[in-house]
There are 2 protein chains.
Amino acid sequence: MVTPDRPIGIFDSGLGGLTVARAVIDLLPHEDIVYFGDTARCPYGPRPPEKVRSFALEITDLLVAEGVKLVVVACNSAESTAFYEATGRYEVPIVSVIEPGVRAAIAASRSGRIGLIGTEATIASGAYDRVVTATGADVVLESRACPRFVDFVEAGETASEAVLVAAEEYLGPLRESGVDTLILGCTHYPLLSGAIRYVMGEHVVLISSAEATASEVYARLLDLDLLKRDATEGRRRFITSGGEDRFGELGRRFLGPEFDGVEQRPWQLAADRRAAS
Amino acid sequence: MVTPDRPIGIFDSGLGGLTVARAVIDLLPHEDIVYFGDTARCPYGPRPPEKVRSFALEITDLLVAEGVKLVVVACNSAESTAFYEATGRYEVPIVSVIEPGVRAAIAASRSGRIGLIGTEATIASGAYDRVVTATGADVVLESRACPRFVDFVEAGETASEAVLVAAEEYLGPLRESGVDTLILGCTHYPLLSGAIRYVMGEHVVLISSAEATASEVYARLLDLDLLKRDATEGRRRFITSGGEDRFGELGRRFLGPEFDGVEQRPWQLAADRRAAS
């Protein structure tokens, strides 16, 4: 029995899915969340599709055993292995990270020319092309792998000369091809959107799969009457199959800045009182 | 002398500008930031424009005295009081929260019908209309005040019946008017984008002023050769003119979820080893 008080499950091969977790927390701060990062077996990209599919099913089993009410597959590789078609076996709804981004891009595009960037494995899998085709929309998808982007994000490098040179190399051809919408088809990429927008120009609409997926989670839970009803702050659990150290170090970077407190400047108010008197 | 090692200054009448701070931190994690929230005098909206303008100049003076290299006016009310025109007096560049959102919306709109939502004070000020007119773009701006949205966000209420009823009341007419792009013209609103998207439908592109402004900051610092060069994590200072308690309580909500650590499930890896052997 799936009930509103259960947590939302989110999984990824690694840490990138934390951008999705954060977008979900933004929209639904009261919801409990269980995040599973399969960092011990990350990246999935180079592995045989059947292997990745079995990993994805294994983790979904684990999340369902934890009692989640919905599972977010925040992993492009997992989705591209026909895992999604296998999801009929679960009682809980499964939300993908690919479909919401594709639908948002189709809605946003004026010219029907949509760009897609992702890892080499994601682009080679053709998963986005299949989803675009399945929508029946009259659009053209121009895809481009950006192999070094994940390393830049994980190194906290977002505005260096090397980032900008790589961004120009990867994105220049997309810009020249006239796409007016660009899907960030990797959960790491929202953290590079400053460089991506700089190179693409501000007339190109960037679609963050993380935000589109969070909106999908919101809508699905609302439609299924599965939103948590009490208004306490949600509990969040982060589980890793690998070492805690790396997860912890990068977790803060992905989940958001720390808030360490605040300084008070009461004199500012005093000055105002003087001015008003 | 404005140099790359200086912090970025951001101010708002209150806490909403923290969504802008967070977007800037996402794109530029190495940059130091000084945030000033004038919570003692918040909200600015009901105050006479001349008063708000003097507050904005006073705070900008304070940030410049702190040695910032760029100031972000993350406050719609401040910008709508002709403060922006007064910024010629500063050596450092001043980035507004209105212009980047307007430019992004004009770029994204297919039909030229753009929606704008904001507080009553922002909508009544006509500040967005003036910026749209100044661009010379052939677009129509349909504006709508959403007075209760700020309270919902500050109460952490994002998916309740009351939120959805209010969202339908405010946004229904905008949806019916056929806008294809919607500017979230208040820094609180990105946290309600689940409800906003649900009511508007996914064919409407939502423009977050916070993200658009962060991209503008990235581009301006890059163009001016003012990006910080060393790759250490940035230091962030949050200053309030009012009480620390409320700032601290809401600060976490605005700046992003806390990351409290991670559980390890090494058995997952062990299971994989068994499967692989």
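This is a predicted model: local features need pLDDT of at least 70, side-chain atom pairs count only at pLDDT 80 or more; totals for chains, interfaces and linings use all residues.
Local features require pLDDT of at least 70 and side-chain atom pairs pLDDT 80 or more, whereas totals for chains, interfaces and linings use all residues. Residues are numbered from 1 along each chain as its sequence is written, chains are lettered from A and ligands numbered from 1 in the order in which they are written, and side-chain values use heavy atoms, with hydrogens and water left out.

**View 1. The two domains of chain A.** Chain A is assigned domain 1 (8-96 + 211-276) and domain 2 (98-209); such bounds come from an automatic or database domain assignment. The C-alpha centres of these domains of chain A are 21 Å apart.

**View 2. The interface between domain 1 and domain 2 of chain A.** Contact (heavy atoms within 4.5 Å) joins 20 residues of domain 1 of chain A to 23 residues of domain 2 of chain A. The buried area is about 1,700 Å², with 52% from carbon and sulfur atoms; buried area is the accessible area (1.4 Å probe) that two parts lose on being put together, summed over both.

View 3. The side chains of E216(A) and R103(A) form a salt bridge with an N to O distance of 2.6 Å. On the side of domain 1 of chain A that touches domain 2 of chain A, the residues comprise six nonpolar, eight polar and six charged. In this division, Ala, Val, Leu, Ile, Met, Phe, Trp, Tyr, Cys and Pro are nonpolar, Asp, Glu, Lys and Arg are charged, and the others, Gly among them, are polar.

**View 4. The relation of chain A to chain B.**

**View 5. The interface between chain A and chain B.** Chain A contributes 74 residues to the contact and chain B contributes 73 residues. Of the interface residues of chain A, 99% are also interface residues in chain B, so the copies meet through the same surface. Together the chains bury about 6,500 Å², 54% of it on carbon and sulfur atoms.

**View 6. Salt bridges between the chains.** Four salt bridges are found across the interface of chain A and chain B. E202(A) forms a salt bridge with R103(B), their closest N and O atoms lying 2.6 Å apart.
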